[in-house]
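Visitor: I would like to go through this model term by term. Please begin with the criteria.

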Protein chains: 2
Amino acid sequence: MSEQSVKSNQPLFLRAAWGEDTDRAPIWIMRQAGRYLPEYRALKEKYTFLELAGTPELAAEVTLQPLRRFPLDASIVFADIMTPLESMGVKIDFSPGPVIENPVRDVAAVEALRVPEPEEITPFVMETIKILRRELKVPLIGFGGAPLTLATYLVQGSGSKEYEFLRQFLRAEPEAAHLLLDKLADLSIGYLKEQVKAGAQAIQLFDSWAGIHDAEMYREFGAKYATKVLSALADEGVPRIYIAVKASHLYDEIAKLPVEVVSVDWRVPLDQVRPQFPGKTLQGNLDPAVMLSNPEVITREATKTLKAGLGGPHIFNLGHGIFKYTPPEHVAHLIECVHSFERKS
Amino acid sequence: MSEQSVKSNQPLFLRAAWGEDTDRAPIWIMRQAGRYLPEYRALKEKYTFLELAGTPELAAEVTLQPLRRFPLDASIVFADIMTPLESMGVKIDFSPGPVIENPVRDVAAVEALRVPEPEEITPFVMETIKILRRELKVPLIGFGGAPLTLATYLVQGSGSKEYEFLRQFLRAEPEAAHLLLDKLADLSIGYLKEQVKAGAQAIQLFDSWAGIHDAEMYREFGAKYATKVLSALADEGVPRIYIAVKASHLYDEIAKLPVEVVSVDWRVPLDQVRPQFPGKTLQGNLDPAVMLSNPEVITREATKTLKAGLGGPHIFNLGHGIFKYTPPEHVAHLIECVHSFERKS
């Protein structure tokens, strides 16, 4: 944490992200712009997901929707982790999840992927960020997929429970895998630096599928390339957040990544994981299923999470994306719980 | 481990299951009877899954198919963990995964579930076991779903990535949840005792979805009822195997279960988990995706698993079910690797 970066006049979210043990926990919610909001569903009836994510005015509108309802402490640009791959020459359909027309499974397919110039990568996301910075009163988080997670979709070809083709590819074609991951790291570096240049004030790197591997595989194919991306962002002046889910068996490796914030899923309490991440801010980790229950249960469980988050910097979030069935009034209630919880007493 | 139970003339699988650090590791494969075998797919063209699992002669035939091809050290009866629920009055369709006509989500629905007499529970499974014991030269494993995992399907209503309704149900309706889990434990006890009576020589309890919970939730809703079932089998004279996947964050709790064998998925190496399970046999844990690669990679990775399994009793298996794309000749190759590996030298 840099002394210069922590300024008391910075917004709560950024102070916590830079390592300050703040008096209140800032809160934002993964997928806070999305299907649980009737105003999002209304837009979704008129536009496809790709139209929403690919049109700066619409993507900005969707990003702003939860901010109009709720006093959230940060926003995150509405985008998809897969779209940057199109600038490498990959054809992706959404039906509704991403489907890769030609899955990448050999050296020739890896070699055919071009690494684009940074400014070629989804310029509509940069436009969205610029619009949002003019409109927003809270910090804006940019994001991208970690190389291993992008490779997971590229090799498997579609969403999957197990991603078995990626798992076999890493073991059977390690050279092609390394070449692919290195190209994806270069893509991510360009993409995320462009987001910062456009105005993103923090970067979250999603390694959503890291948890399917053991520590040895993760070190070789995951952490190495996540580190390459995150190191390249070291001088950008924005805090870096890393998120993997179902990955508690990898926390010793994740602790070595050059990030300011580690996002933790709901499977392990924050006070239990805190010692594994010395010097880092923890983000998380209420079970999103709690948000489907009722205000009483939400208060009880959120308070448990807030108490477990004491003893170091904490950004409150769910342990994973909010479910589409979540009543919006439960979100209002959660934010009130978090904001009224005094961390210093 | 009981001194009486470990007899040197017992089959290799049972000796290892009872805690003997055998000279060779026995091997069986989760879903060894299934879609990767052309002879299974041929039957599947003529019969539905429910016809195969529900007709003793067909279920026995399917169970025997892999044994005719491969020198496996154990067999496991072909059945489905959901079918016993039908004897409670639950209507289940397979399309192709299980779909519950009326998901159980309140006290009234829980109270409406009857706990059947043991002999009412899927008598066709007991018939299958009897046929198999006449045919088989290797030990036969019986199995059932752990209460929390059965509840997971019953409450969610169908297969799901997240089982969010079960997760919210446990938190919002703990009393109904406990009543449900207790009834499911009674069902499982009856079901598994009947299997032993019919001839099953080991019992594997599948807690496939335990890993979606944190340790506190698992203790209250998972381990408590798994323990009830497993304790009731203590005097049945068969080794008890427990399997949960994606559950390394729960191993401290799982270590307390009254079982002889813990099955481990591929995410953590056996030598690393061994100290967490003193006195238990470890079962596992080759990544099933390795089986999609090639003989060279299979040899390398299986040897790694075999070496990590040294230092205590080990039953070789995959870390999860075999994939349907697996070439059968890869299975033959794996078994050869395992059988030729000398554990004492």
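Guide: Two residues are in contact if their C-beta atoms, placed from the backbone, lie within 7 Å. Helices are DSSP runs of H or I with at least four residues, strands are runs of E with at least two, and both are numbered from the N terminus. The model is predicted, so local features need pLDDT of at least 70 and side-chain atom pairs count only at pLDDT 80 or more, while totals for chains, interfaces and linings use all residues. Residues are numbered from 1 along each chain as its sequence is written, and chains are lettered from A in the order in which they are written.

Visitor: What do the buried residues of α8(B) pack against?

Guide: They pack against α13 of chain A, and also against α7 (147–156), α9 (174–198) and α10 (215–232) of chain B.

Visitor: Why is helix α8 of chain B called largely enclosed?

Guide: A residue is buried if 20 or more other C-beta atoms lie within 10 Å of its own, exposed if 12 or fewer, and partly exposed in between. Eight of the nine residues of α8 (residues 164–172) of chain B are buried, so the rest of the structure largely encloses this helix. Among them are B:Phe165, B:Leu166, B:Arg167 and B:Phe169.

Visitor: Which element gives the largest share of the side of chain A that touches chain B?

Guide: The contact takes 22 residues from each of chain A and chain B. On the side of chain A, α8(A) gives the largest share, five residues. By class, that side has nine nonpolar, five polar and eight charged residues; Ala, Val, Leu, Ile, Met, Phe, Trp, Tyr, Cys and Pro count as nonpolar, Asp, Glu, Lys and Arg as charged, and the others, Gly among them, as polar.

Visitor: What makes β1(B) and β4 of chain B a pair?

Guide: Strands pair if DSSP finds at least two bridges between them. Two bridges join β1(B) to β4 (residues 140–145), and the strands run parallel. B:Ser75 has B:Leu140 as its bridge partner.

Visitor: How confident is the predictor in chain A?

Guide: pLDDT is its confidence in each residue, from 0 to 100. Chain A averages 95, but residues 1–5 stay under 50.
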